[in-house]
Amino acid sequence: MDPTDENFWQPLRELQEAMDAELVALYRDRDLAVRPRLTKPVIKLAHGGPMTIRALADALGVTHSAASQTVSVLRADGLVETSAGPDARTRIVTLTEEGRALVPLLEAEWRATERALAELDAEVPYSLIAAVADLRAA
């Protein structure tokens, strides 16, 4: 038997993908060139100001490599620009005017999504937040 036929996390991933698809549709309907996974980096840059890729990685809780890949996508989408840092290995990431213009909408959608998730979590018999805490404790 193929052990990958059992996938404990698949239902949770499918739920998250469905929620992300709703955000993708919302952004597409507004002709916005941003994907849900790019929302947090844009908001972090808006609040943290220009920062190095390392600082962005730390702010996002991801590896330097992951942050670098995200910056590449953001740059290709015209949402950030990079410039040389104080040494040859450092790059400074700055939101473009287009990136800054997206921030109010992205923040509003972030807050609305968090509120909706909290409301859904309160409606079910066993809170997902409580389940995660219990799994960590176990």
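Trainee: Is the crossing of α1 and α5 left-handed or right-handed?
Mentor: The crossing of α1 and α5 is right-handed, meaning that the near helix is turned clockwise from the far one by less than a right angle. Bear in mind that this is a predicted model, where local features need pLDDT of at least 70, side-chain atom pairs count only at pLDDT 80 or more, and totals for chains, interfaces and linings use all residues. Residues are numbered from 1 along each chain as its sequence is written, and side-chain values use heavy atoms, with hydrogens and water left out.

Trainee: Got it. At what angle do the axes of α1 and α5 cross?
Mentor: Roughly 150°, with the axes of α1 (residues 10-29) and α5 (residues 97-123) coming within 12 Å. Axes here are lines fitted to C-alpha atoms, for helices over the stretch in contact, and angles run from 0 to 180 degrees between N-to-C directions.

Trainee: And which residues make the contact?
Mentor: Met19, Leu23, Leu26 and Tyr27 come from α1, while Leu106, Glu109, Thr113 and Leu117 come from α5; contact means heavy atoms within 4.5 Å. By class, that gives 6 nonpolar, 1 polar and 1 charged. Ala, Val, Leu, Ile, Met, Phe, Trp, Tyr, Cys and Pro count as nonpolar, Asp, Glu, Lys and Arg as charged, and the others, Gly among them, as polar.

Trainee: What about α2 and α3, where do they meet?
Mentor: Lys40, Pro41, Lys44 and Leu45 of α2 touch Leu56, Ala59 and Leu60 of α3. That contact has 5 nonpolar, no polar and 2 charged residues. The axes of α2 (residues 36-48) and α3 (residues 53-60) come within 10 Å and cross at roughly 115°.

Trainee: Switching topic: how many aromatic pairs are there?
Mentor: There is 1 aromatic pair. Phe8 and Trp9 sit edge-to-face, 5.1 Å centre to centre with 85° between the planes. Rings of Phe, Tyr and Trp (its six-membered ring) pair if their centres lie within 6.5 Å, and planes under 30 degrees apart count as stacked, over 60 as edge-to-face and the rest as tilted.

Trainee: Is Phe8 buried or exposed?
Mentor: Phe8 is exposed, at 66% relative accessible area, and Trp9 is partly exposed at 42%. Buried means under 20%, exposed over 50%, and partly exposed in between (1.4 Å probe, protein chains only).

Trainee: Last one: how many helices and strands does the chain have?
Mentor: The chain has 6 helices and 3 strands, in the order α-α-β-α-α-β-β-α-α. Helices (H or I, at least four residues) and strands (E, at least two) are DSSP runs, numbered from the N terminus.
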